[in-house]
Structures are given as structure tokens and as C-alpha cells.
Amino acid sequence: MFSKGRLLAGGVVLFALVCLVSTFDFSRGRVPQTSSPLISDVLAATTARECGRDATEVVARHLPPGIEQAAAEKILAAAVIEPPQPWFWTPVNETATSWNGDTLEALRTIKITAFGTNLLRIHMTFGEGKLRRLAAEVVCRFG
């Protein structure tokens, strides 16, 4: 027969194993489902550890200088992910677009984990209806 001490130790070990597996799984994040080539390329070029990474070169392939404003907005509107279906946390999917004169700032969620969110921040400046300047970076929010 098992003693109470051995049963308790077995329970603690089992609990620690479950915690380790779930922490490892959810800290990596799940590859989000997306039909956006922009999001797919940014995810392929970055990792979860690269917070503050410049992604201008990757985004410029999809939003080249001189692209019409309407076409750029259409590409941004399609840049969405389908968040994972977790079992112990609620994903936060952030999508925001704000205008300040001729400058557009867009935030798009590119990866969601139990411990934080990776966002793609894009700054675009338009002139005469065409894209003049572009800057993009991957931003991480923890919490």
C-alpha cells in the first residue's frame, strides 16, 4: 500500500509536470490562422523574443512607396488573425487604426500567448493620395 507521503509527492510531481507543459506550450504561442500575406510574412521574419524589432522591410513588400491610399487601407483591413482557442485564458486581439492629418497609425495583433501579445505597429504618411513614408515594428505587450 502507498503511504500518504508518497501519494502527496506523486500529486505534486504530476501538478508540476502539467504546469511545465502548459507554460511551455502557451509561452511559445500558437501559430495564428490568417489569410493575410502581410501577417504571414511578418511572422516568418520575426520570433516572440524580438520585441521592438524593425519590420519596415517586410511590410514594404506589401505596402510599397507610391501605393494608392485606398489599396493600402484594403491591405490593412485584411491583416487580421483568428485567435487561438485556449483552455485557461482569454486571448486579447487588438486591432486599431487612427488618423492624424495625413498620417495613419495601425496596430494589428500578429501573435497571442497566455503571457502577452505581439502587435505589428505601422506608421504610414500619405501625400496626394499615395504612400510617401512607411515605418513598422513588432511590439510586445505582456500581461
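**A charged network and its surroundings**

Modeller: Arg-121 has a relative accessible area of 22%, so it counts as partly exposed; the cut-off for buried is under 20%. The model is predicted, and what follows is computed from it.

With Glu-137, the side chains meet in a salt bridge at 3.1 Å, N to O. Arg-121 belongs to strand β4 and Glu-137 to strand β5, so this pair ties together parts of the chain that are 16 residues apart in sequence. Glu-137 is itself partly exposed, at 26% relative accessibility. The other partner is Glu-105, whose closest N and O atoms to Arg-121 are 3.7 Å apart, again a salt bridge. Because Glu-105 lies in strand β3 and Arg-121 in strand β4, this pair too ties together parts 16 residues apart in sequence. Glu-105 counts as partly exposed, with 28% relative accessibility.

β4 (116-127) and β5 (130-142) pair in the antiparallel sense over 12 bridges. One of the bridge pairs involves His-123, whose partner in β5 is Ala-135. The two strands form a hairpin with 2 residues between them, and in the turn Glu-128 has a positive phi of about 60 degrees. β5 also pairs with strand β1 (residues 53-54), in the antiparallel sense and over 2 bridges.

Lys-130 and Glu-68 meet through their side chains in a salt bridge of 2.6 Å, N to O. This pair links distant parts of the chain, since Glu-68 sits in the loop between α3 and α4 and Lys-130 in strand β5, 62 residues apart. Glu-68 is partly exposed at 41% relative accessibility, and Lys-130 is partly exposed at 30%. In total the count comes to 5 salt bridges.

In α2 (residues 37-45), Leu-38, Ile-39 and Val-42 are buried. They cover an arc of only 95 degrees around the axis, which means that they are on the same side of α2. Pro-37 and Ala-44, on the other side of α2, are exposed. The buried residues of α2 pack against α3 (56-60), α4 (69-78), β3 (103-113), β4 and β5.

Helix α1 (residues 4-28) contains Leu-17, which is partly exposed, with a relative accessible area of 47%. Together with Leu-14 and Val-18, Leu-17 forms a nonpolar patch on the surface, with about 280 Å² of accessible area for the three together.

For the whole chain, there are 4 helices and 5 strands, in the order α-α-β-α-α-β-β-β-β from the N terminus on. Of the 143 residues, 34% count as buried. The protein exposes about 8,900 Å², and carbon and sulfur atoms supply 60% of that area. Among contacts between residues at least 6 apart in sequence, 56% join residues at least 24 apart.

Notes: Residues numbered from 1 in each chain as written. Predicted model: local features only at pLDDT ≥ 70, side-chain atom pairs only at ≥ 80, totals over all residues. Heavy atoms only, no water. Buried < 20%, exposed > 50% of the residue type's maximum accessible area, 1.4 Å probe, protein only. Contact = heavy atoms within 4.5 Å. Areas by Shrake-Rupley, 256 points an atom, 1.4 Å probe, with all protein chains shown as cover. Patch = residues over 30% accessible without salt bridge, like charges linked within 9 Å, V, L, I, M, F, W, Y side chains within 5 Å. Salt bridge = Lys/Arg side-chain N within 4 Å of Asp/Glu carboxyl O. Arc of directions from axis to C-beta. Pairing = 2+ DSSP bridges.
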